[in-house]
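Reader: Before I rely on any label attached to this model, I would like to see the criterion behind it. Could you take me through the assignments, setting each value against its definition?

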Amino acid sequence: MYASANTCIYRQLYQLDFTCDLIILSPMVRYFIESQQMNDLLSLLHRLFDIRITFFDMADGEVGYFDIKGMSKYCSFIRRDTAMNARCIACDKRNLLIAQRTKDIHIYHCHRGLAEGIIPLSDTRGVYLGAIVFGQVRIRGSRSPSFGDAYERRYYRMLPSLSRERLADIARMLKYVSEHIIVRELVRHKARQWMETLLSYIDANGSRRIGIADMAKAVDRSPSFISHYFVKEFGVTARAYIMDRKLRRAAEQILAGKRSAETARQFGFYDEFHFSKAFKKKFGVSPRAYAAEKRSPLKDTVKVGDT
């Protein structure tokens, strides 16, 4: 049950100029949004699906510039209560984090029973850029809540009602939209020069086990500098980034038909068991199952879960 109350905060923190075609959210992180194109895209999706579809940036704040469907009367009503508003914010952050970690569609029921979904965006290097968030809807056939007063129950009944299948279809469509956003760089992250050099070094040494000392030496910085500023720049540790990058590149090799044992050696894993364990932890399936699943794109893997 996300809000758009962050608009004034963005103006204060980032000095946004909403008359421009480019929003620069942070001079430190160098995070860019092509505002007009993103606005056109989100407005089109709103007209097509008639549900609330919005965008959260990499700091988990809703970008309030876009011409989208406003917050539902139900959510606006319950968020007037300070404690309830805090629960809504906590629910948003918790599920955004899940989507960021899995880097896949995440559909769930919020703490008040509404169905919502998150499509995380990551660039070609695996850097998290934010998320498309949609929902504030009821699952068709669901009962009105027994909690709350008469006004809350009335507003709940006014929420859009979708079947689980329709919700999953919208999620899949938004997944394709997210890929368009990445390819067209409507949302992008530009690292500092030392970070660009470091990322190139990591990619060029994918078969080696790279440590903090190696990375520091590659960009003429101290290990403590790398440890601190890598997290500040990308929101994950260098070690986590390297593992994510290796597994993503390994997944490409698996889809190309390369065997697990060969892929494990190529990307510096101890052995095939170590590789398969790490692969399954990230993607939820073994390398063999991953390849089979990707060859069957029509298989329904989108499920609605509880928060």
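Cysteines, strands and spaces

Author: The count of disulfides comes to zero, where a disulfide is a pair of cysteine sulfur atoms within 2.5 Å. This is a predicted model, in which local features need pLDDT of at least 70 and side-chain atom pairs count only at pLDDT 80 or more, while totals for chains, interfaces and linings use all residues. Residues are numbered from 1 along each chain as its sequence is written, and side-chain values use heavy atoms, with hydrogens and water left out.

Reader: Are Cys 88 and Cys 91 buried or exposed?

Author: Buried means under 20% relative accessible area, exposed means over 50%, and partly exposed lies in between, with a 1.4 Å probe and protein chains only. Cys 88 has 1% relative accessibility and therefore counts as buried, and Cys 91, at 0%, is buried as well.

Reader: Why is β6 called largely enclosed, and which strands pair with it?

Author: Of the 12 residues of β6 (residues 128-139), 12 are buried, so this strand is largely enclosed by the rest of the structure. Two strands pair if DSSP finds at least two bridges between them. Five bridges join β6 to β3 (residues 52-56) in the antiparallel sense, with Ile 53 opposite Phe 134. Eight antiparallel bridges join β6 to β5 (residues 115-122), where Ser 122 stands opposite Tyr 128. β5 and β6 form a hairpin with five residues between them, and Gly 126 in its turn has a positive phi of about 85 degrees. β7 (residues 161-162) pairs with β6 in the parallel sense over two bridges, and Ile 139 faces Leu 162 there.

Reader: What makes you say that both faces of β4 are covered?

Author: In a regular strand the side chains alternate between the two faces of the sheet. In β4 (residues 106-109), His 106 and Tyr 108 lie on one side and Ile 107 and His 109 on the other, and all are buried. β4 runs antiparallel to β5 over four bridges, and Tyr 108 stands opposite Glu 116. In the hairpin of these two strands, Gly 113 takes a positive phi near 95 degrees.

Reader: Why does Ser 163 count as buried?

Author: Ser 163, in the loop between β7 and α6 (164-183), has 18% relative accessibility and therefore counts as buried.

Reader: How many cavities of 30 Å³ or more does the search find, and what is the volume of the second largest pocket?

Author: On a 1 Å grid over the protein atoms alone, a cavity is a set of points where a 1.4 Å probe fits but cannot get out, whereas a pocket is an open set with protein on both sides within 12 Å along at least five of seven lines, and lining residues have an atom within 4 Å of a point. Grid points are joined across faces, edges and corners, and a volume is the space filled by probe spheres set on the points. The search of the whole structure finds one cavity of 30 Å³ or more; the largest cavity has a volume of about 40 Å³, and α10 gives the most to its lining, with four residues. The second largest pocket has a volume of about 660 Å³. Of the 20 residues that line this pocket, the closest to its centre are Ala 240, Met 243, Asp 244, Lys 281 and Lys 282.
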